Amino acid sequence: MCTAAIKTIYPAPDPRLQPFAEHLTMIDQITEDIARLKNRLESCRDTRIQGIWKAQIALLAKSKRAELKALLAAIRKHPDLAARLDLIYSVAGCGLPTAVAVLVRMPEVGNITRGPAAALGGLAPYDDDSGNRAGARHIEGGRERLRRALYNAALAASSRWNPQLKALYARLIAAGKRHKCALVACARKLLVTINAVVARGTPWAAEVPQLAKLPAV
């Protein structure tokens, strides 16, 4: 009866993405291993042990680069996936690892509206109200590894690479928002922008400054 009541039928996931997702998870786990070793290195005073940790970090970093290169080569064997990846990568502040994460972990990108996109990415704000109490809005749910990739991308994009995200971050901080809250908003804006670019099918382009639009005198 529950199945019969469902009105919206969604297409099945692209079977090509499943092995890519497992490969990407392995790359994420290598990244986590590197972070753990770096934490050990910070608290270690023994030079011999430091050398062991540094050697393992270098080895893992080399393995991570090789695996990312192999994953990209596998994706580019499919022209439609390669074209979608290039569209995602065209957005300023979205590096290649982040673009791969969005492509693989959010196959719905470009086929949904901004609200569901933010919810799937775990970046949609939800209220915490009860009766007369108005709680703080917070994010929850969604796809954890995708959210982590977008948050890390927003950290650099909002300070250097993406002029729209830089302006958004500055505006939120000026309005009294906390640093982390502003970064989450930037990550959500980044995902919404990527979704719009893929839906439109044309690469991202920064907005033309208002002064450039004025006629010459």
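Mentor: A salt bridge is a side-chain nitrogen of Lys or Arg within 4 Å of a carboxyl oxygen of Asp or Glu. Keep that in mind as we look at this predicted model.

Trainee: What makes the contact between R16 and D14 a salt bridge?

Mentor: The N to O distance between their side chains is 2.7 Å. The cut-off is 4 Å, so an Arg nitrogen and an Asp oxygen at that distance qualify.

Trainee: Why is R16 called partly exposed?

Mentor: R16 has a relative accessible area of 26%. Buried means under 20% and exposed means over 50%, so a value in between is called partly exposed.

Trainee: And why does D14 count as partly exposed?

Mentor: The relative accessibility of D14 is 23%.

Trainee: Are R105 and D28 buried or exposed?

Mentor: Both are buried, which means that each has under 20% relative accessible area.

Trainee: What makes E144 and R148 a salt bridge?

Mentor: The closest N and O atoms of E144 and R148 are 3.1 Å apart.

Trainee: Why are E144 and R148 separated by about one helical turn?

Mentor: Because they are four residues apart in helix α7 (residues 144-161).

Trainee: Which residues are linked in a network of salt bridges?

Mentor: D28, E32, R105, E144, R145 and R148 are linked in that way. Across the model, the count comes to ten salt bridges.

Trainee: How many helices and strands does the chain have?

Mentor: There are ten helices and two strands. Starting at the N terminus, the elements run α-α-α-α-α-α-β-β-α-α-α-α.

Trainee: What share of the chain counts as buried?

Mentor: Of its 217 residues, 33% do. The chain exposes about 13,700 Å², with carbon and sulfur atoms supplying 59% of that area.

Trainee: And what share of contacts between residues at least 6 apart in sequence joins residues at least 24 apart?

Mentor: In this chain, the share is 61%.

Key:
Residues numbered from 1 in each chain as written. Predicted model: local features only at pLDDT ≥ 70, side-chain atom pairs only at ≥ 80, totals over all residues. Heavy atoms only, no water. Buried < 20%, exposed > 50% of the residue type's maximum accessible area, 1.4 Å probe, protein only. Contact = heavy atoms within 4.5 Å. Areas by Shrake-Rupley, 256 points an atom, 1.4 Å probe, with all protein chains shown as cover.
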